[in-house]
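User: I've got a new model open and want a quick tour. Can you walk me through it?
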There are 2 protein chains.
Amino acid sequence: MHVLITGAAGMVGQRLAARLAREGACAGRPIARLTLTDIVAPPRPAGFDGPITIRTEDSGTAANAAALAALRPDLIFHLAAIISGEAERDFDKGYRVNLDGMRNLLEAIREESTRNGPYVPKLVFSSSSGIFGAPFPPAISDDFHATPLTSYGTQKAIGELLLADYSRRGLVEGVGIRFPSIVIRPGKPNASAGGFFSGIVREPLQGQEALLPVGEDVLFTHASPRSAVGFLIHAASLSREALGPRINLTMPGVCVTVGEQIAALRRIAGERAVKLIRRAPDEAAATIVKGWPTRFEASRALSLGFRAERDFDEIIRVHIEDDLGGHLPT
Amino acid sequence: MHVLITGAAGMVGQRLAARLAREGACAGRPIARLTLTDIVAPPRPAGFDGPITIRTEDSGTAANAAALAALRPDLIFHLAAIISGEAERDFDKGYRVNLDGMRNLLEAIREESTRNGPYVPKLVFSSSSGIFGAPFPPAISDDFHATPLTSYGTQKAIGELLLADYSRRGLVEGVGIRFPSIVIRPGKPNASAGGFFSGIVREPLQGQEALLPVGEDVLFTHASPRSAVGFLIHAASLSREALGPRINLTMPGVCVTVGEQIAALRRIAGERAVKLIRRAPDEAAATIVKGWPTRFEASRALSLGFRAERDFDEIIRVHIEDDLGGHLPT
């Protein structure tokens, strides 16, 4: 089959493309062809036998979406998005990429079907736990309402609704995946409000200082980038019958306090690493994080076979394996 | 103040315009001017001292929305919509009117503010209990998720999300009102799946036969057209502080079985009226109705002062007062 990934140059997109190329199959079907598109050129993954097409474009314009649909990929991973902070700063860009981009893709698929005969691809959509907004119950159930407190969360919630309606009408076979916090993100510290969730592990493992802007009692749900890729691939394997009409699913994760994150770091890298975490209380960051969801039941996802790590130790070990070559820097 | 009603030729729109014209005030402020727009000319309400502008147009196009926003109405009731059945039959029209119409209005308001100085109107949006989709708990709480099973419900749910995000950003002062079933609708029997909820009362009161396609145990929540208008007017009076960030509210109503509706008809119009209801079981209608929500907690709306009728007898009496001149036909 032909697999298309939008947003293929992103952190999760690159890893997804690499895994699909390496395994040469997805959802039990061999992959004959890969198309990777993003606003900057996605890297060409290694180890794939078939043709790989790299496209550098804004995949969300009506014209580009039509060109992608005309390729009639059997399976589409729609990951292209403006991230939370940028969607909040740039109102128009966020709506254009995150909302219009999704709608243009869905319309292009519908149009391709009308024009050139039945075409109903599997469409895996990366949504976010950002569709939820405080106040929250102790654990967010699968039937808790979406009341986002960001434009990003709004755009993702709308994407879910569109995907469900187009799926209900048989125009696509959609499944939406609400990611929890994905850590440990590789790379440099960044200015995002939740960056410290990765930073307080990533930097100390490299012998560098990390700032902790919030208290150790802050609770949050995490999964590794490897699990994020696993969620997407598992979603692609789910039948319409298994999913039913409620196709948007909250993913499981490891729900821990910052203190428990630090304890896991201590077990794996010792007190010397932990000592590199410097408390730097930041009222603004604490306020933002307070609006974010903490714990999910994720009952449906678990019963459908989605799996994250068992504990935060495992999330750190995955980071060491996938990003640090399998061993702690010396 | 200047009040704009879109969809002003509709059943609820006409009654809202008539009441605002009669009372000459809304939300404690005198009304200086009324603008009424719809795809067919809305009737000119009686008893209003100020100017009334009647516009016959598709208010949802970008150009018409811009023209309306340029009038800078202080209070907007956005009722314009394609109804459920038509939105299901005509995919493009439903999305164009119900989704693009809402987004064009919000964007026109934002643009007017940018162009000609701060403009943040109060915007009351008519949403629907159609945002909910089966299966349901015994009573739908205020934090139950929106998983619509129609394109209409999808478009209304998206409208709510947009309204909340534009409100959060201070671009409008929005409030969304999820109507329950509105009965007794005046006029002729129609082909809509839920038409019998009105028909089994309306027709017998006129000495005419009515068909009942479902069982007497079907449970549903209703309010009168008078209450629908009351919801909209009350919504216009709520402050941003009273509403908080969750601005979309499920309205209260009278939750009764079809059997209880019939018992109310018997109390008010006697056995002769009840005998005019003819059982005509219709599997298709029964299946559609089974997907609709039955009972709402509506706790927030009740605590914010929204009121529907106390029982179905009162809904019938409101119909007799408002649509039959205050007495049963002889």
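Analyst: Start with a helix pair. H9(A) passes H12(A) in a right-handed crossing. A crossing is right-handed if the near helix is turned clockwise from the far one by less than a right angle, and left-handed if anticlockwise. Bear in mind that this is a predicted model: local features need pLDDT of at least 70, side-chain atom pairs count only at pLDDT 80 or more, and totals for chains, interfaces and linings use all residues. Residues are numbered from 1 along each chain as its sequence is written, and chains are lettered from A and ligands numbered from 1 in the order in which they are written.

User: Which residues make the contact between H9(A) and H12(A)?
Analyst: From H9(A), they are A:Glu260, A:Gln261, A:Ala264, A:Leu265, A:Arg267 and A:Ile268. H12(A) supplies A:Phe312, A:Asp313 and A:Ile316. Contact here has a cut-off: C-beta atoms, placed from the backbone, within 7 Å.

User: How do the residues of that contact divide, nonpolar, polar and charged?
Analyst: Five nonpolar, one polar and three charged. Ala, Val, Leu, Ile, Met, Phe, Trp, Tyr, Cys and Pro count as nonpolar; Asp, Glu, Lys and Arg as charged; the others, Gly among them, as polar.

User: And at what angle do H9(A) and H12(A) pack?
Analyst: About 55°, with the axes 9 Å apart. The axes are lines fitted to C-alpha atoms, for helices over the stretch in contact, and angles run from 0 to 180 degrees between N-to-C directions. H9(A) and H12(A) are therefore oblique to each other. Under 35 degrees counts as roughly parallel, over 145 as roughly antiparallel, 65 to 115 as roughly perpendicular, and the rest as oblique.

User: What about H6(A) and H9(A), where do their axes cross?
Analyst: The axes of H6 (residues 196-205) and H9 (residues 258-274) of chain A come within 10 Å and cross at roughly 25°. That makes H6(A) and H9(A) roughly parallel to each other. Their crossing is left-handed. Residues in the contact include A:Ile200 and A:Pro204 of H6(A), and A:Leu265 and A:Ala269 of H9(A). By class, the contact has nine nonpolar, one polar and no charged residues.

User: Zoom out. How many helices and strands has chain A?
Analyst: Twelve helices and 14 strands. Those are DSSP runs numbered from the N terminus: helices are H or I, at least four residues, and strands are E, at least two. The C-alpha trace of chain A spans about 60 × 45 × 40 Å along its principal axes.

User: How many residues of chain A are in contact with chain B?
Analyst: 17 residues of chain A, with 17 of chain B. The chain A side divides into eight nonpolar, five polar and four charged.

How values were computed:
Contact = placed C-beta atoms within 7 Å.
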